[in-house]
Amino acid sequence: TSEDWLMLLCFVVFLLLATSEVFCLPLGFESTRHTVVVGLEGLHAASLKEISHSQNLTTLKTMFDKSSYSLDCRSEPILSSAPNWASILFSTPISFHGINSNTWELNTASVVPSLDGPCVFPTNVFAVARAYEMKTSLFYSSDFFDKLVAKSDIDVKEFSDCNTCNSCLRVDQELISQKFTTEMVSSKFDLSFLHVSSLAYCAKEHGIDSPEYRTSVMLLDSMLFSINETMKDAGIDDYTLVLAGNHGRDSDGGFSHRSFELSTIQTLLMFYSPTSSLRQNFVIPSPLATIDIVPTILWSLGIPSPQQFRGRIIWDIFLEREEKETKSLEENTDLNMYQFCQSVITNATKNTWIFNRTGATESISGYGDDGDNSENIAQCSAPEKPDRKVAELGWDIFSKTVTPFLFLVVGYALGLGVKTVTIFNARGGCTDSRMIEGLAQVEASSTSSESEETIAL
């Protein structure tokens, strides 16, 4: 029937649009499907690169040569582990999350997190990823992570304690080369965080010029090789491996990190993708802060940041892709679609939704060792379970999604020959518009009808 042919025609046109080479996407948005973050405790960034080359550490050398990185990513001024990991996971400075020491406790916090409120775990990268139905995992060797992240935010948590150079060398290898390997192959996490402590403890006990510290760097190299092999074993080739330190070490042998100087607030940030979706052998020129890590990671996974996050997206690492898209658009369209798409991208990058986690009973009882937390819970009256909501994208996105399809159906139903339409959806994307001819025919048809009615009168 004519209706069946019309439906088939609309479907074919939609496929042509969906597979068109003339398209633009928000820069870097959904550029990877899986991300593994290796959090390097108390890393002296410059020594890592120096040792990787002097010791001919193949994996680290390859990653430096094929990644976007900076040795000058700035940490928070309070040079303790927990506050800096909090700033990374929450994408907020200390003045926003209020975690000022490794002994911080949620129920006695003096600074209430902005937007999240009192007695509730601050919004973190795991919670946001889970809100978008992604699988998350955390492998760690410092118990303060239990104070930062609720159990309900993570699908799999593996903890092994260590507090010396030798014990952390053993624990790091066990967590990453054994436990992570097993869990990743079976669960295929979308977002994983692996905490490495051996670099910090070996530097603390022996200094960054010692054989023990070089051993910890060599172990890191082997663990990174293991991670890449694990992703292959899991059948995952579209992934990004992120190396991120939480703070640096002092310039006097690296035994401590308590003094406020350049080397203690400088750390490594590296984005490596084996599929070359990111810039390679590229030193990121723009100023970076550790709070920028999570927004960039989420954006590459296809998740816009909530309003609680104060960091920015590091656009520099996606510049190669931008150049390709710009060239494609300018060569293939007689409309100035590049400017239109760039305006869409600009609006899409704004933090337009608020992650909402109300209630504290599950959150308060969800950290630390399982035990009696009734005293903590009593201080925070709340519903039994947290209520998480991802804000609706709004009528603006809805209208941009639905209206083009209505044009398509109505246009073909009236035989007006609308050849293409703009496709814009909540995942971010637009195609070259070719609606001018169809709209001109609509106007011509309307004018003709009005003329005939006038004559008839």
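## Basis

In this predicted model, local features need pLDDT of at least 70 and side-chain atom pairs count only at pLDDT 80 or more, while totals for chains, interfaces and linings use all residues. Residues are numbered from 1 along each chain as its sequence is written, and side-chain values use heavy atoms, with hydrogens and water left out.

## Helices H8 and H9

Helix H8 (residues 165-187) packs against helix H9 (residues 198-206) at an angle of about 165 degrees, with the axes 8 Å apart. H8 is therefore roughly antiparallel to H9 (an angle over 145 degrees, between N-to-C directions on a scale from 0 to 180 degrees, with axes fitted to C-alpha atoms). Helices are DSSP runs of H or I with at least four residues, and strands are runs of E with at least two.

## Second largest pocket

The second largest pocket has a volume of about 390 Å³ (the space filled by probe spheres set on the grid points). A pocket is an open set of points on a 1 Å grid with protein on both sides within 12 Å along at least five of seven lines; a cavity is a set where a 1.4 Å probe fits but cannot get out, and lining residues have an atom within 4 Å of a point. Of its 22 lining residues, Glu 41, Ser 81, Asn 102, Tyr 201 and Lys 204 lie nearest the centre. H9 gives the most to this lining, with 3 residues.

## Cavities

The whole structure holds 3 cavities of 30 Å³ or more. The largest cavity contains about 70 Å³ of space, and its lining residues include Val 37, Phe 126 and Ile 297. The second largest cavity has a volume of about 50 Å³; H12 supplies the largest share of its lining, 3 residues.

Key. Parallel < 35°, antiparallel > 145°, perpendicular 65-115°, else oblique.
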